[in-house]
Amino acid sequence: MEIKDITMNEQRQSVGILGTGDFARALAKRLYFSGYDVIIGSRRPEENLLSAIDECLCNMSLVSIEECIESVSVIFLAVHAENFKDLLQEYTEHFDGKIVVDVSNRDKASDTYSNAEYLQTLIPRASVVKAFNVISAYAMENNYNTSSRQVFIAGNNDLARGAVSNIARAMNFTPVDFGSLIAARRIEKHPLLLFPGWSGPCWFTITVFIIWLLYLVFIYYIEQTVYEWEQIFVKVLNKAICMTGITVLSVTYLASSFAAIIQLYNGTKHIRFSRWLDKWLKNRKQLGLISFMLIAIHAIMSTLIMSPTYLRSWYHSTKIVIPHNMSEAYEFQNINWMTWKGEAACMTGIFSFTLLCFVCVSTLPSVTDTLNWREWRFVQSKLGHLALFLAVVHVLVMGIPGWAKTPKKVYKSITFLSSFLPWITILLKLFFSIPCVDRYITKIRKGWERKDARCKATCVRSKNHSYAIVNCSQTTGKVGDNCLCPCDVVDMTTFDKTNCVYSETKNT
């Protein structure tokens, strides 16, 4: 009975919302069902009837702007940035010590200032926090949606950021602390991004596809006429899609081998990769998903044309001769079951595509969260390379019979050209899987460094060609090893203990 009394007497924390738009109403409902008392401030509270719009808002107070600000310590500002000044200029003194959460977004990204920084200049006595702008009104209302649940938070006051983070957790969101308020520029850019990280992989895929398609047109229509032009939409295009898919898939896994080669060469993991390799490594997920999409399209198109008319070499053929009463005989071919080539190509293709499905499913956040590091690495690396190997076998099964007939033209074969890069990827993976090589790379990635006589650091010179004058006094200790750059005027020396005065003089 005593516990019941405590529960009944427990007070709900009050929060305020300035604004009555769609997002403000969705936010109000989410806060209310998360255990907060919500007070909504409006410039014309007598004209707004929230319960008529949504019956879930009937338990919330609708008051004036001034009363809302005075009643709570945490205020959500759910209005457009253009209306900040008009709405708040009369009440700036009332925000002393308040936490104001800016949920607004921009129409265009800005690197010079954010809406939250602008708001802070209007109410300097308040602690402005940027948050909840990456959550849509639909995601705010629907507790079972599949959209992102991360709330990016930025603010200059640590206590204010902590308070907003606790509110986000109570609303079943995951707060991500971005630090000071200047990070609001990055947060406000986020809703404006259109598939970030996809432009490079997409343009690379388009370039590879165009190269393969032009080569197919050359060998099938210009060099010699093999197909009719009406067959370019499925028969020929399917080949270009398949060749592009296996090329992009091999490029996806080739990046890790390049990284291992560079780490072996440097003898350390502490030297940063080049920018192109760094981007390549970061875009592997996008490249893998694009290759899966292309291979899926290839599988569908191959199923549509799987007939003796299109794939004659995949089926056995039987000649039937019918005697003629006159001097001639009539014969026709009756094509029956698949040959070993057709069945082997189908088997390896199906297995490869199935493994790729497993690999792609494991990239879904809901699935990734259920896998530990070893399981995720097994699926992405081991199964991914196995899928690539089966795809190469699929190509070789289709190409080797033709290579045997015309060995002098193997270098022109599309099966040979499209399997060349995947074979390099697989052979490099096998090389780095050798136990002694694998142990050496693992040792480097755990922090071990190979001691080389040469200096690996690069000296960066400013464009104004300035030089430094170092005056050292009271120096004790032993002089360290020199690491000279070609353009150094004086030796760069290391001392255990120094008392140095640094000055910079520009050349005239």
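Which residue of S6 stands opposite Val100? Val128 does. The legends below show where this spot sits.

This is a predicted model: local features need pLDDT of at least 70, side-chain atom pairs count only at pLDDT 80 or more, and totals for chains, interfaces and linings use all residues. Residues are numbered from 1 along each chain as its sequence is written, and side-chain values use heavy atoms, with hydrogens and water left out.

**Figure 1. An open sheet of 8 strands.** Strands (E, at least two residues) and helices (H or I, at least four residues) are DSSP runs, numbered from the N terminus. The order across the sheet is S3-S2-S1-S4-S5-S6-S7-S8, and the pairing is mixed. Two strands count as paired if DSSP finds at least two bridges between them. Strand S3 (61-64) and strand S8 (174-179) are at the edges. Each has a single partner strand, so one side of each lacks a neighbour in the sheet. Neighbouring strands are turned by 30 degrees against each other on average, direction ignored. Axes here are lines fitted to C-alpha atoms (for helices, over the stretch in contact), and angles run from 0 to 180 degrees between N-to-C directions.

**Figure 2. S1, S2 and the helix that packs on them.** S1 and S2 pair in the parallel sense, over 6 bridges. Ile17 stands opposite Ile40 in S2. Helix H2 packs on the sheet and touches S1, S2 and S4. The direction of H2 makes about 160 degrees with that of S2. Touching means contact: heavy atoms within 4.5 Å.

**Figure 3. S5, S6 and helix H6.** S5 and S6 run parallel and are joined by 4 bridges. Ser127 and Val129 point one way from S6, while Val128 and Lys130 point the other way. These four residues are buried, meaning under 20% relative accessible area; exposed means over 50%, and partly exposed is in between (1.4 Å probe, protein chains only). Helix H6 (residues 115-122) lies across S4, S5 and S6, at about 170 degrees to S6. Of the 8 residues of H6, 6 are buried, so the helix is largely enclosed by the rest of the structure. Which residues of H6 are buried? They are Asn115, Ala116, Glu117, Leu119, Gln120 and Leu122. Their cover includes S4, helix H5 (84-88), S5, S6 and helix H9 (184-189).

**Figure 4. The largest nonpolar core, with 32 residues.** A nonpolar core is a set of buried Ala, Val, Leu, Ile, Met, Phe, Trp, Tyr and Cys residues joined through side-chain atoms within 4.5 Å. The residues with the most contacts inside this core are Ile17, Leu31, Phe76, Val101, Phe132 and Met140. Elements that each supply at least two of its residues include strand S1 (13-18), helix H2 (22-33), strand S5 (99-102) and helix H8 (158-170). H2 gives the largest share, 6 residues. Leaving aside neighbours within four places in sequence, Val101 is in contact with Val74, Ile75, Phe76, Leu77, Val129, Ala131, Phe132 and Val164. Another core, of 25 residues, lies apart from this one; Val63, Ala81, Phe95 and Val128 are among its members.

**Figure 5. Aromatic pairs, 17 in the whole structure.** Rings of Phe, Tyr and Trp (its six-membered ring) pair if their centres lie within 6.5 Å; planes under 30 degrees apart are stacked, over 60 edge-to-face, and the rest tilted. Phe76 and Phe132 make an edge-to-face pair, 5.7 Å centre to centre, with 65 degrees between the planes. Phe76 lies in strand S4 and Phe132 in the loop between strand S6 (127-130) and H7, so the pair ties together parts 56 residues apart in sequence. Phe76 is buried, at 0% relative accessible area. Phe132 is buried too, at 0%. Phe292 and Phe353 form a stacked pair: 5.6 Å centre to centre, 5 degrees between the planes. Phe292 is in helix H13 (residues 284-304) and Phe353 in helix H14 (residues 340-361), 61 residues apart. Phe353 is partly exposed, at 25%. Ring pairs also link Phe76, Phe132 and Phe173 into a cluster.

**Figure 6. Charges over rings: Arg106 with Tyr113, Lys443 with Trp448.** A charge sits over a ring if NZ of Lys or CZ of Arg is within 6 Å of the ring centre and within 35 degrees of the ring normal. The charged end of Arg106 is 4.9 Å from the centre of the Tyr113 ring. Lys443 lies over the face of Trp448, at 4.4 Å from the ring centre.

**Figure 7. Ile232 in helix H11 (residues 232-266).** Ile232 is buried, with 18% relative accessibility. Not counting residues up to four places away in sequence, Ile232 touches Val217, Tyr221 and Leu237. Ile232 and Tyr221 are 11 residues apart along the chain, and their C-alpha atoms are separated by 9.9 Å.
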